[in-house]
Amino acid sequence: MTTPAVVRSAAELAREGSPGKRRAVVMTMGALHEGHASLVRAARAHAGPGGQVVVTVYVNPLQFGAGEDFDRYPRTLEADLKVAAAAGADVVFAPTDAEMYPAGEPLVRIAAGPLGERFEGAVRPGHFDGMLTVVAKLLHLTRPEDAFFGEKDAQQLALIRRMARDLNFPVTIHGVPTVRESDGLALSSRNRYLSAPERATALALSRALFAGREAAAAPGAGPAAVRAAAAAVLDSATRLDPPLVPDYLALVEPGGFAEVPESHAGEAVLAVAARVGSTRLIDNLRLTLGGAA
């Protein structure tokens, strides 16, 4: 296992590049876990032994709204380097705020548009504008041929893909399946905030998704049956101690995140967000309606 080079500035990062060497990037906010490692491994496999894998570690303040957890978000760079190295990263780009935003908070940002106003965007106004702005900056700075993002953040992935297409970024965006713990809980840096009782309640998110997928597999089942099966699990969890506090449950088409009609057949994303105690969690599952799940 080779320790990746750690660079702090755009100039240092540019010097790590090599003409003709295919570069793949994985963007993170640190606190790396097995889900992030799966992204790095996917990037490594795609880039091949002759390519280069860059992992960015930056807690982007633009993505956090008032009252969110920016100050307590875990910053664990030394541990992150070990995870990145084990998964096959060549370079870790860990810039400071001054490097990313040398003039302070940027006056010009990328707007997420209508796709960014739904679901996560409605609950967290401005979040997706901040996310797309930093992703655009990091794509310019890292200049990869390929970028890898987790399917766990499905709306984020849809927005990044749309930005790359609409604004002609010369990069291929790859989605990597969600990694789950043995009990079904999707891996997240925020899971460390959960107490044991809160974690038990949080399992309702994945159970709701699995119930929706099972409903979708039934002959003749439509979106209403999927939503109802998932909603029943979430409703039961609101009576637990501590209770689950749902934000939304949605069954949407993968590209534009519009709610699917009852006549929908084909791929869809069942997405859920909820709070347990002071921690907000999201999860989703791709499923197929009118065919095999």
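## Ground rules

The model is predicted, so local features need pLDDT of at least 70 and side-chain atom pairs count only at pLDDT 80 or more, while totals for chains, interfaces and linings use all residues. Residues are numbered from 1 along each chain as its sequence is written, and side-chain values use heavy atoms, with hydrogens and water left out.

Helices (H or I, at least four residues) and strands (E, at least two) are DSSP runs, numbered from the N terminus. Two strands pair if DSSP finds at least two bridges between them. Axes are lines fitted to C-alpha atoms, for helices over the stretch in contact. Angles run from 0 to 180 degrees between N-to-C directions.

## The six-stranded sheet

Strands of a sheet pair through backbone hydrogen bonds, either parallel or antiparallel. Here, six strands build an open sheet with parallel pairing. Their order is β1-β4-β3-β2-β5-β6. Which strands stand at the edges? They are β1 (5-7) and β6 (172-176). Each has a single partner strand, so one side of each is left without a neighbour in the sheet. On average, neighbouring strands of this sheet are turned by 25° against each other, direction ignored.

Helix α7 (residues 154-166) packs on the sheet. It touches β5 (146-150) and β6, and its direction makes about 170° with that of β6. Elsewhere in the sheet, strand β3 (residues 52-57) pairs with strand β4 (residues 91-93). The pairing is parallel and has three bridges. Val55 stands opposite Val92 in β4.

## The three-stranded sheet

Three strands form an open sheet in the order β7-β8-β9, with antiparallel pairing. The edge strands are β7 (244-252) and β9, each pairing on one side only. From one strand to the next, the twist averages 15°. Eight bridges join β7 to β8. In β8, Ala271 is the bridge partner of Ala250.

Strand β8 (residues 266-276) is joined to β9 by 11 bridges. Arg275 stands opposite Arg280 in β9. The hairpin of β8 and β9 has two residues between the strands, and Gly277 there takes a positive phi near 65°.

Is strand β9 (residues 279-289) largely enclosed or open? Nine of its 11 residues are buried, so β9 is largely enclosed by the rest of the structure. Buried means under 20% relative accessible area, exposed over 50%, and partly exposed in between (1.4 Å probe, protein chains only). Helix α8 (residues 196-216) lies across β7, β8 and β9, running at about 15° to β9.

## Two helices that pack

Two packed helices are described by the angle between their axes and the distance between the axes. For α2 and helix α3 (residues 77-87), the angle is about 35° and the axes are 8 Å apart. Ala37, Val40, Arg41 and Arg44 of α2 make the contact with Val83, Ala84 and Ala87 of α3. Contact means heavy atoms within 4.5 Å.

What kinds of residue make up the contact of α2 with α3? Five are nonpolar, none is polar and two are charged. Ala, Val, Leu, Ile, Met, Phe, Trp, Tyr, Cys and Pro count as nonpolar; Asp, Glu, Lys and Arg count as charged; the others, Gly among them, count as polar.

## Annotated residues

UniProt lists His36 for "active site" in an unreviewed entry. UniProt positions are given in the numbering used here, feature names are shortened, and annotations may be inferred rather than shown by experiment. His36 is found in helix α2 (residues 34-47). His36 is buried, with a relative accessible area of 13%. Not counting residues up to four places away in sequence, His36 touches Thr28, Gly30, Ala31 and Ser189.

The UniProt annotation "binding site", also from an unreviewed entry, covers Gln63 and Gln156. They are spread over 94 residues of sequence, yet they cluster in space, with a largest C-alpha distance of 11.5 Å. Gln63 sits in the loop between β3 and α3. Gln63 is buried, at 8% relative accessible area. Leaving aside neighbours within four places in sequence, its contacts include Met29, Glu68, Arg124 and His127.
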